[in-house]
Amino acid sequence: MKNNFTHLMIHCSATPEGMWFDRTDIERWHLQERGWSKVGYSGLFLLDGTLDLLIPFDRDDSISSWEISNGARGWNGRSRHICYIGGLAKNGRTTKDTRTVEQLVALENFVKMHTMLWPKVKLIGHNQVNATKDCPSFDVSQWAQSIGIPSSLIDSNIYYNEKTI
Ligand SMILES: [Zn+2]
């Protein structure tokens, strides 16, 4: 099955600032503890800026079933999800944009390359589709604008009240 690919959704791992987590942690949390069939993200940005590809993807304009990541219910068939490690202050509770310099650079490069390769896919944050989430702990629209992403590729809508789009 193939779905039209419309959004690149940004997440955080909701883990404390400065604490190292990687693919083995995400796989344990999502697959073993939550029992999901697939992890929540295609790409994971580690504290040192490394991009760990958890689920591969191809170059076309659709999301095939093998490309799906379980980042946000109702959105997975049409979205690619990426995540940075962090998003909480050191106390493990308070929402905080904890992106390291390396993560900021890696995310910016990825998002810019992504918008070149998929010029119709819009950027969005998890908190724009789920009112109970602070994820990814920063304003995606504002950040995207600040790094020069054209506004036509930034989705600043809030979709809380829509069952599905
Ligand atoms: Zn999220």
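User: Leaving aside neighbours within four places in sequence, which residues is Cys-83 in contact with?
Analyst: Cys-83 is in contact with His-11, Cys-12, Ser-13, Gly-40, Tyr-41, Leu-44 and Phe-45. Two residues are in contact if their C-beta atoms, placed from the backbone, lie within 7 Å. This is a predicted model: local features need pLDDT of at least 70, side-chain atom pairs count only at pLDDT 80 or more, and totals for chains, interfaces and linings use all residues. Numbering starts from 1 along each chain as its sequence is written.

User: Where is Cys-83 found?
Analyst: In strand β7. Strands are DSSP runs of E with at least two residues, helices are runs of H or I with at least four, and both are numbered from the N terminus.

User: Is Cys-83 buried or exposed?
Analyst: Cys-83 is buried, because 27 other C-beta atoms lie within 10 Å. The cut-offs are 20 or more other C-beta atoms within 10 Å of the residue's own for buried, 12 or fewer for exposed, and partly exposed in between, with C-beta atoms placed from the backbone.

User: How many bridges join β2 to β7?
Analyst: Six, and the two strands run parallel. His-7 stands opposite Ser-79 in β7, and Cys-12 stands opposite Tyr-84. Strands count as paired if DSSP finds at least two bridges between them.

User: Which other strands pair with these two?
Analyst: β2 is joined to β9 by four bridges, and that pair runs parallel. Met-9 stands opposite Ile-124 in β9. β4 and β7 pair in the parallel sense over three bridges, with Ile-82 in β7 as the bridge partner of Gly-43.

User: What's the strand order in the sheet?
Analyst: It is an open sheet of five strands in the order β5-β4-β7-β2-β9, with mixed pairing. β5 (51–53) and β9 stand at the edges with a single partner strand each, so one side of each has no neighbour in the sheet. Neighbouring strands are turned by 25 degrees against each other on average, direction ignored. The axes behind that angle are lines fitted to C-alpha atoms, for helices over the stretch in contact, and angles run from 0 to 180 degrees between N-to-C directions.

User: Changing topic. How many residues has the largest nonpolar core?
Analyst: It has 34 residues, and those with the most contacts inside it are Tyr-41, Leu-44, Phe-45, Cys-83, Leu-123 and Val-140. Two or more residues each come from β2, β4 (43–45), β7 (79–84), α2 (101–117), β9 (122–125) and α3 (140–146). The largest share, four residues, comes from β2. A nonpolar core here is a set of buried Ala, Val, Leu, Ile, Met, Phe, Trp, Tyr and Cys residues joined through C-beta atoms within 7 Å.

User: What does Leu-123 contact, beyond four places in sequence?
Analyst: Its contacts include Leu-8, Ile-10, Val-111, Val-140 and Ala-144. Ile-149, Leu-153, Ile-154 and Asp-155 are also in contact with Leu-123.

User: Now Phe-5. Where is that one found?
Analyst: Phe-5 is in the loop between β1 (2–4) and β2 (7–12).

User: Buried or exposed?
Analyst: Phe-5 is buried, with 20 other C-beta atoms within 10 Å. Beyond four places in sequence, Phe-5 is in contact with Asp-61, Ser-62, Ile-63, Arg-78, Arg-80, Trp-118 and Val-121. The C-alpha atoms of Phe-5 and Lys-120 are separated by 8.5 Å, although the two are 115 residues apart along the chain.

User: Last one, the whole protein. How many helices and strands?
Analyst: Three helices and nine strands. The radius of gyration is 15 Å, close to the 15 Å from the globule rule for 165 residues, so the protein is as compact as a globular protein of that length. That radius is taken over C-alpha atoms, and the rule is 2.2 Å times the number of residues to the power 0.38. Buried residues make up 38% of the 165.
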